[in-house]
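Let's work through a few exercises together. Try each task on your own before you read the solution.

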Amino acid sequence: MALNYVGTGMFVPFLLIYLHNVRGFGLETAGLVSAAFAGVGMVVALGAGPAVDRVGARRTAAVSLVLLALGLGAMPLVREPWQAFAFVAVAGIGRGLFWPGYSTLLIAVTPAAAREGSYAVQRVTSNLGFGLGGLAAGLIVSTRDPSTFTVIFVLNAVTYLLFLVALAFVREPERAERDTEPSSIGGYGFVLRDRAFVGAIVIGGVFAAFGIAQLNSMLPVYAASDVGVSERGVGLIFLFNTLAILILQLPVAKLLQGRRRVAALAVTGVIWAAAWLLALASLWFGVVAATGLLIAVGVVFAVGECLIGVVQGPLVADLAPERLRGRYTALWLTTSQLGFTLGPAIGGLLLAHSAKLLWLISAGVCVACSAAAVFLGRALPTAARLAPISPHA
């Protein structure tokens, strides 16, 4: 996964630049291509849940990696918009299959007591890989030489194929649950009747929309346009955010062992609300001080990211019956992706009206999520309330 994220870090930051600056597509068209990649993945993910439950997580992940390699590896062939849409549609199907398949496989191969740790390690390695990939691509590409973009797209495809090879050495455990539910209650209808699970993913989706989505989309625009932070300053915000995650993620995962998961979610909301109030306060400082304050926002926000990053996945795993784990995972990831999709749109509307409105509403919603997490604790089964203590801790 770490190596795969090196390829992802090469591809994601430079897709729009490639389509707009190299192939000459309008920004609207380039943006629609990127949206199509995410949108196709979000739709396919719901169908991927039953596929994972029927044919297995490992097989689903393997098919997804082939489609991602084919679709994104073909991007250097793009000359017309329809070709870009066709290639990202193939890759989008792969993306939709990948996350339910991979996440369910990670749950299956990891003992319950070690899942918080496994998600922590995944987040550290994926953040590190993404950062290294973006750095490498920045040193490789040049809009004056289209062949440099061919290099990063091909390297990205190669990382998917290497991931596919690695899957050959991963054994998916046999299911302990042999019985299957009747079709009338064995699908998403059964999943949606799980009130604790639905509450957990709704809170996660709202956190995605008013937390991480605002950090990634609105904070850079706000910093540059409203506060006057330079492009280098914006880069420093995300550099320190990433460094904080790399440093804090594993200690935070260890700290959570034996503690209430809903408490971690509640603390996340309070931390993110404080971060957004700090972002708002930067309006009243000079550029240098405001840049420092926004860098602090990135660091503070990272603490919440470390908390939620190791709570959500293991909580979903504990709530999901083994035979329906693929559906549970797919619905969780789709809800999160919906939050990431709606968040920038909502944030853009609020920021266009008033920066104060954006950060005050975002802070208020995060606090509301904290309150909702407290109520969620009452609905959780006893076995899912505490993060387990790893025997190797």
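A disulfide is a pair of cysteine sulfur atoms within 2.5 Å. Keep in mind that the model here is predicted.

**Exercise 1.** Work out how many disulfides there are.

*Solution.* Step one: take C366 and look for its nearest cysteine sulfur, which belongs to C369 and is 6.2 Å away. Step two: check it from the other side. The closest cysteine sulfur to that of C369 is in C366, at 6.2 Å, so the pair is too far apart for a bond. Step three: count up, and you get zero disulfides.

**Exercise 2.** Decide whether C366 and C369 are buried or exposed.

*Solution.* The cut-off you need is that buried means under 20% relative accessible area. C366 has 1%, so it is buried. C369 has 6%, so it is buried too. Now zoom out: 50% of the 393 residues of the protein chain count as buried.

**Exercise 3.** Describe the fold of the protein chain and find out how compact it is.

*Solution.* Start with the elements: the protein chain has 16 helices and zero strands. Next, compare sizes. The radius of gyration is 21 Å, close to the 21 Å from the globule rule for 393 residues, so the chain is as compact as a globular protein of that length. Its C-alpha trace spans about 60 × 50 × 40 Å along the principal axes. Finally, check the contacts: among those between residues at least 6 apart in sequence, 85% join residues at least 24 apart.

Methods:
Residues numbered from 1 in each chain as written. Predicted model: local features only at pLDDT ≥ 70, side-chain atom pairs only at ≥ 80, totals over all residues. Heavy atoms only, no water. Buried < 20%, exposed > 50% of the residue type's maximum accessible area, 1.4 Å probe, protein only. Helix = DSSP H or I, 4+ residues; strand = E, 2+ residues; numbered from the N terminus. Rg over C-alpha atoms; globule rule 2.2 N^0.38 Å. Contact = heavy atoms within 4.5 Å.
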